Amino acid sequence: MKTMIQVLPNGVRHIPGHLDHAAQEALVEDIREIVQAAPLYSPVMPRTGKEMSVRMTNCGPLGWVTDKERGYRYQPTHPVTGEPWPPIPDALLRLWQEVAGYPPPPEACLVNFYTDAAKMGLHQDRDELDLAAPVLSVSLGDDCLFRVGQTSRDGQTKSFRLRSGDLVVLGGEGRLAFHGVDRIYPATSTLLKNGGRINLTLRRVTRPA
Ligand code: SIN
Ligand code: FE2
């Protein structure tokens, strides 16, 4: 039998168990405050207007949003409340300094909330002007099956499980790797009282001066 060797692009890193339980709980508390100020909402896809199954909010000077008319973009305010996004928690700014290998601070932190049936199709993160900075993502709560491929949509992909406290870094040649979430594994974590999965994605948007 021929063995398929699945190679991830250089710069794609999975760092299992980086955050201990106390750090995860502290982050959940931070996110609770963020969601109080900037409620989760259901974004819709450009053109089709189809609602995404993942609910979102942001913190940081810029937040990633999408709607039918204006598509994917970054903006300084919440699309429903019109208020500025709350600041990125210190623990996440420190995590970026520790792991990203890129001193200018992140400008956007997307907060994705997945219920049991939510998923996210294969896509690239390419709405940022600064592609030299990596994308740093943090998983909290229930496990998911994460898929990562190459920099072209038809490239070979590899799926692996992400658990609460894991990090994924998309940097270097892997900065534009296609990725997505195939499924959530319900009730695999007790971190979130009502279950589900939170993913935090830290990104630099503009090129540093
Ligand atoms: C994303 O690509 O925005 C989310 C990835 C994840 O939920 O792990
Ligand atoms: Fe993404």
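Arg47 sits in the loop between helix 1 (21–37) and strand 2 (55–59). Helices (H or I, at least four residues) and strands (E, at least two) are DSSP runs, numbered from the N terminus. This is a predicted model: local features need pLDDT of at least 70, side-chain atom pairs count only at pLDDT 80 or more, and totals for chains, interfaces and linings use all residues. Residues are numbered from 1 along each chain as its sequence is written, chains are lettered from A and ligands numbered from 1 in the order in which they are written, and side-chain values use heavy atoms, with hydrogens and water left out.

**Two residues with positive phi**

- Most residues other than glycine have a negative phi.
- Arg47 is not a glycine, yet its phi is positive, at about 65°.
- Arg47 counts as exposed because its relative accessibility is 71%. Here buried means under 20% relative accessible area, exposed means over 50%, and partly exposed lies in between (1.4 Å probe, protein chains only).
- Ala187 also has a positive phi, near 60°, and is a residue other than glycine.
- Ala187 belongs to the loop between strand 11 (179–185) and strand 12 (197–203).
- With a relative accessible area of 72%, Ala187 is exposed.

**Two partly exposed loop residues**

- Thr77 lies in the loop between strand 4 (73–75) and helix 2 (90–99).
- Its relative accessible area is 28%, so Thr77 is partly exposed.
- Beyond its neighbours within four places in sequence, Thr77 is in contact with Gly82, Glu83, Pro84 and Trp85. Contact means heavy atoms within 4.5 Å.
- Thr77 and Ala38 are 39 residues apart along the chain, and 9.4 Å separates their C-alpha atoms.
- Arg163 is in the loop between strand 9 (158–162) and strand 10 (167–170).
- Arg163 has 45% relative accessibility, so it counts as partly exposed.
- Not counting residues up to four places away in sequence, Arg163 touches Ser139 and Asp143.
- Leu140 is 23 residues from Arg163 in sequence, and the two are 7.1 Å apart in space, C-alpha to C-alpha.

**The chain as a whole**

- The chain has two helices and twelve strands.
- From the N terminus on, the order is β-α-β-β-β-α-β-β-β-β-β-β-β-β.
- A compact globule of 209 residues would have a radius of gyration near 17 Å, and the chain agrees, with 16 Å. This radius is taken over C-alpha atoms, and the globule rule is 2.2 Å times the number of residues to the power 0.38.
- The C-alpha trace spans about 55 × 40 × 40 Å along its principal axes.
- Of the 209 residues, 50% are buried.
- Take the contacts between residues at least 6 apart in sequence: 74% of them join residues at least 24 apart.

**Surface and charge**

- The chain exposes about 10,500 Å², and carbon and sulfur atoms supply 53% of it. Such areas come from the Shrake-Rupley method with a 1.4 Å probe.
- The chain has 24 positive and 23 negative charges, and their mean positions are 7 Å apart. Lys and Arg count as positive and Asp and Glu as negative, while His and the chain ends are not counted. Each charge is placed at NZ of Lys, CZ of Arg, CG of Asp or CD of Glu.

**The annotated span**

- UniProt lists residues 105–206 as "domain: Fe2OG dioxygenase", in an unreviewed entry. Such annotations may be inferred rather than shown by experiment; positions follow the numbering used here, and feature names are shortened.
- Residues 105–206 are 0% helix and 46% strand, and the end C-alpha atoms of the span lie 11 Å apart.
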